[in-house]
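Open the model in your viewer and keep the selection panel at hand.

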Amino acid sequence: MSRTIIDVHVLQTVPPSNLNRDDTGTPKTAVYGGVRRARVSSQAWKRATRRAFQDLLDPTELGVRTRRVAELLADRITAVEPSLDRAAALVLAAETLHTATGSKIEVPRRKADSAKKKGEPEPPPESSYLMFLSSRQLDGLARLAVEGADDIKAFLKAKDNKDKARELADTRHSVDIALFGRMVADSADINVDAAAQVAHAISVHQVENESDYYTAVDDQNERDEESGAGMIGTVDFNSATLYRYAALDVDRLRDNLGVGLRPDEPLHEPVRRAVRAFLHGFVASMPTGKINTFGNHTLPEAVIVTLRSARPISFVAAFEEPVQAPQAVGGHLRGACTQLFAHVSDIEKAYDVTSDPSWVLHVGAATEPLAALGTEVSLSGLLDSVGKAVADRLEARTLLEGAGAVPAQAQAPAAEGKNQPA
């Protein structure tokens with residue numbers, strides 16, 4: 001049986017900006033096709049996509065990634081049982097999280113020593129690394145902690161309760177965990193393989209970073225003998241037309257999310273909702289590096305989404321030979337669209353994947369060549385069409401599996417290693 005993979009290709013021009021910088025403050029770059037390109041790391045755009053979910057999904061469908069997970073759970077515990085004081089709730093939270101995830105939840109020694117020297121109360125316990133839990137998982141763990149509040153250690157030593165804690169931490173994953181995965185260093189068995197893969201965005205053309213020398217004037221300095229700048233500095237930047245790519249394994253997403261989470265919704269509604277949120281969030285989001293300095297709030301000029309049946313296909317090779325801006329008029333977008341159209345047509349014909357359905361969102365005359373690659377849609381039309389196509393395909397697969405066909409996941413080769421969380 002075929003798989004269900006969504007490919008997302010984006011062309012987006014960004015003016016002078018510093019979306020994603022390295023440890024020296026310089027915009028990240030990469031060499032591709034023998035020339036230096038602007039680069040925005042996959043982590044930066046996954047973070048921007050996750051933040052966009054806050055406006056696209058109900059908070060109950062999202063997770064929180066933090067080392068301060070004990071405080072987060074303690075808040076839920078006191079909401080369930082208001083008679084518990086804060087200190088008792090933190091103890092319950094730490095013990096429950098340790099049982100559920102295997103991670104030590106304790107007060108960091110540096111913070112404990114600092115508080116002791118200052119005569120301050122002991123700080124709350126923390127995880128030693130970022131922990132990613134869904135809202136529903138936190139709610140379930142809070143109820144379990146309250147149930148064993150009289151003697152939480154003895155309660156969690158009981159096998160049934162220990163197993164329940166582990167189950168609560170490994171079921172009913174949030175959309176962002178299902179999409180971007182989760183790694184729990186102390187309990188690999190509750191890791192979550194990511195359904196989404198996001199490539200580093202690179203410019204379709206050669207780029208050289210530049211520096212802006214700036215000054216700030218002291219508004220209260222009016223004496224001639226102290227004239228001049230109150231502060232000087234530099235900030236590095238570049239501008240680029242970026243090729244962005246992401247692949248979404250819908251089968252993995254379905255496995256991670258589960259089906260029919262609410263009795264009043266269709267079987268594959270959670271997956272359809274997650275697909276819409278991912279597409280919208282990935283397409284329309286923007287990393288916020290130096291955003292106040294540059295105000296680089298652009299939207300993509302072109303988006304191509306394809307529903308694959310075998311494996312993901314990136315079209316980055318269309319730009320292995322960098323786009324050259326015409327000397328007379330400049331601009332990289334038109335050349336990028338021409339190269340992309342030619343590459344897509346050739347690769348899909350050569351590998352017999354021309355029948356995979358595609359949708360194209362494009363803006364302006366420069367992107368017209370791409371219109372022939374799929375059905376032209378607006379953003380809302382794209383979300384509706386892809387969401388429906390995914391739901392229809394999953395429904396057809398469910399009917400086949402019910403008739404005794406082998407599930408797609410059983411046929412798909414095992415992935416090498418695990419995708420890392422965003």
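Contact here means heavy atoms within 4.5 Å. Keep in mind that this is a predicted model.

Stop 1: Select Ile6. Leaving aside neighbours within four places in sequence, isoleucine 6 is in contact with Ala246, Ala247, Leu248, Val250, Val275, Leu279, Val305, Thr306, Leu307, Val386 and Val390. Ile6 and Leu253 have the most contacts inside the largest nonpolar core, a set of 50 residues. In soluble globular proteins, nonpolar side chains tend to be buried together.

**Stop 2: the other core.** Select Leu84, Ala89, Leu138 and Leu144. These are among the 30 residues of another core, which lies apart from the largest one.

**Stop 3: two domains.** Colour 5-57, 195-214 and 237-401 as domain 1, then 63-173 as domain 2. Their centres, taken over C-alpha atoms, are 38 Å apart. Four residues from domain 1 and five residues from domain 2 make the contact. How much area is buried between domain 1 and domain 2? The figure is about 440 Å², and carbon and sulfur atoms give 41% of it. Look for salt bridges between domain 1 and domain 2: the count is zero. Residue pairs in polar contact between them, with both residues at pLDDT 80 or more, also number zero.

**Stop 4: a glutamate in a helix.** Show helix α2, residues 69-80, and pick glutamate 71 within it. Is glutamate 71 buried or exposed? Glutamate 71 has 14% relative accessibility, so it counts as buried, the cut-off being under 20%. Beyond its neighbours within four places in sequence, glutamate 71 is in contact with Arg86, Leu90 and Pro124.

Stop 5: Move to α4, residues 109-118. Of its 10 residues, the count of buried ones is one. Step on to glycine 119, which follows α4 and has a positive phi, near 70°.

**Stop 6: two loops with positive phi.** Select arginine 172, in the loop between α7 (159-169) and α8 (175-180). Its phi is near 50°, a positive value in a residue other than glycine. Arginine 172 is partly exposed, at 39% relative accessible area. Finish at lysine 290, in the loop between α10 (269-284) and α11 (291-294). Lysine 290 is not a glycine, yet its phi is positive, about 50°. With 30% relative accessibility, lysine 290 counts as partly exposed.

Technical notes
Residues numbered from 1 in each chain as written. Heavy atoms only, no water. Buried < 20%, exposed > 50% of the residue type's maximum accessible area, 1.4 Å probe, protein only. Helix = DSSP H or I, 4+ residues; strand = E, 2+ residues; numbered from the N terminus. Core = buried A, V, L, I, M, F, W, Y, C linked by side-chain atoms within 4.5 Å. Domains from an automatic or database assignment. Buried area = accessible area lost by both parts, 1.4 Å probe. Salt bridge = Lys/Arg side-chain N within 4 Å of Asp/Glu carboxyl O. Polar contact = N/O pair within 3.5 Å; in protein donor to acceptor, adjacent residues only side chain to side chain.
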